[in-house]
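This report concerns aromatic rings and the charges placed over them. The structure is shown first, and the description follows.

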Amino acid sequence: MAWDFSTEPEFQQQLDWVEEFCRSEVEPLDLVFPGAAYSRNPKAKALADPLKQQVKDRGMWALFLDKELGGPGFGQLKLALLNEILGRYRSAPVVFGTAAPDTGNMEMLAAYGTAEQKSRWLRPLLNQEIFSAYSMTEPQGGSDPSLFKTHAIRDGDEWVINGEKWFTSAGAFADIIFVMCVNGMFVVPRDSPGVEIAEYPALHNHIRYNNVRVPVDHLLGPEDGAKVLAQRRLGGGRIHHAMRTVAQVKLAFDMMCERALSRESHGKVIAEHQMVQEAIADSYAEINMLRLLVLWTAWTIDNTSTKQARTQIAACKYTCAKVLREVSYRALHIMGSLGTTDLTPLQAMWASAPTMAIADGVDEVHKVTVSRNVLRSYEPHPGLWPTEYLPAKREEARKKYADVIAADPDLAAWADAAASGRVGRR
Ligand SMILES: Cc1cc2nc3c(=O)[nH]c(=O)nc-3n(C[C@H](O)[C@H](O)[C@H](O)COP(=O)(O)OP(=O)(O)OC[C@H]3O[C@@H](n4cnc5c(N)ncnc54)[C@H](O)[C@@H]3O)c2cc1C
């Protein structure tokens, strides 16, 4: 029997270590020196780097990369179990070498880069000696590739890139930017002449590429292959977001339950009010539904491919946004006035739910993908009635018993009466 919901003991030991390490090392760093894990400040680095080294020594660094791509080959299922812990702590993904947007960019490089491109960019990215960003969305076209305008023109030994991108996360801090052009995916050093970064938005940058020249070997993958590379990148990214969301909603749930038991209002502990119990019961079920969907999807990727798990990944994407919205709202509500402040993680968590429904493609687009793919395995019914129309099914089934019915008129009459509901269990 292969349906097994347990974690192998050796990996569980690793997860226990991760949980303790995050609680005792990563969270205090986050609370006292927020952002130290991804800072270039030498003093901040000196605090964060030893933690990263501990993760490496423990063999838990950059678990997202499969063996054939140069990683440890733990697979997505183990990564999902790891992310269920990391997603709770702000800088844990960086401390474990599994933070977006670098992970998706590294996946593209590992899968499509030449040996030279990998040694130039993949190794330093893996070691966090450099950081990257991903420039796809355009101000006029959103994330719909059919509306993109950014393009590259070959000029001798160089490509000349022109266009405008928007919402390039951490673009202003990146060393290299993966720029999706209509005719290919290019790696652009951020300090190239012609890369102009607007003042707003501060974190998700608006970037103009004005006659930016890069050498020919900065084209990643085949010419005109940008859409395939983007799918590869975004498929992984979406499931990783969903894995970390499981961690977030579990945190909200823990807070909700603790508070429900701790506070009294209107004559009883609030956990005894039925509507609070409903909030806890609904959240419990929704979190576990999301978690199992994510784990099943990760398992499917491990056993087939990201491409074949596309429908499941899309379902994870909009389901995680929905569960995050519902559970964080209930937790915030049960926390009362304190929940509305920034003195607990709940307000920020709830405010992040709409972002989760937009980043990496709006929910509607993923719902269309799921519906379209699911409908491929169905066909319209041939006649007037649906396949499950009972009178027609019964007529067909009677053919199987034609001899019995013909031989025994009493039994035939009883069958007709029973089918029409006129007799009970007689
Ligand atoms: C926090 C964050 C980080 C991001 N980081 C990056 C990044 O690093 N690099 C990058 O390139 N991009 C990034 N993005 C951009 C992101 O990919 C896009 O915002 C997203 O794909 C949606 O595009 P849009 O914002 O143009 O919305 P639009 O496509 O304009 O959608 C707006 C609304 O229109 C409706 N709509 C759109 N399409 C459909 C449809 N098919 N069916 C029904 N209704 C529809 C929906 O109501 C939708 O919410 C980031 C976004 C966020 C929020």
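## Charges over rings

A charge is said to sit over a ring if NZ of Lys or CZ of Arg is within 6 Å of the ring centre and within 35 degrees of the ring normal. Arg 233 places its charged end over the ring of Tyr 134, 4.0 Å from the ring centre. The charged end of Arg 154 sits over the ring of Trp 159, at 5.8 Å from its centre.

## Basis of the model

The model is predicted: local features need pLDDT of at least 70, side-chain atom pairs count only at pLDDT 80 or more, and totals for chains, interfaces and linings use all residues. Residues are numbered from 1 along each chain as its sequence is written, and side-chain values use heavy atoms, with hydrogens and water left out.

## Aromatic pairs

Rings of Phe, Tyr and Trp (its six-membered ring) pair if their centres lie within 6.5 Å; planes under 30 degrees apart count as stacked, over 60 as edge-to-face and the rest as tilted. The whole structure contains eight aromatic pairs. One of them is the stacked pair of Trp 17 and Phe 21, with 4.7 Å centre to centre and 15 degrees between the planes.
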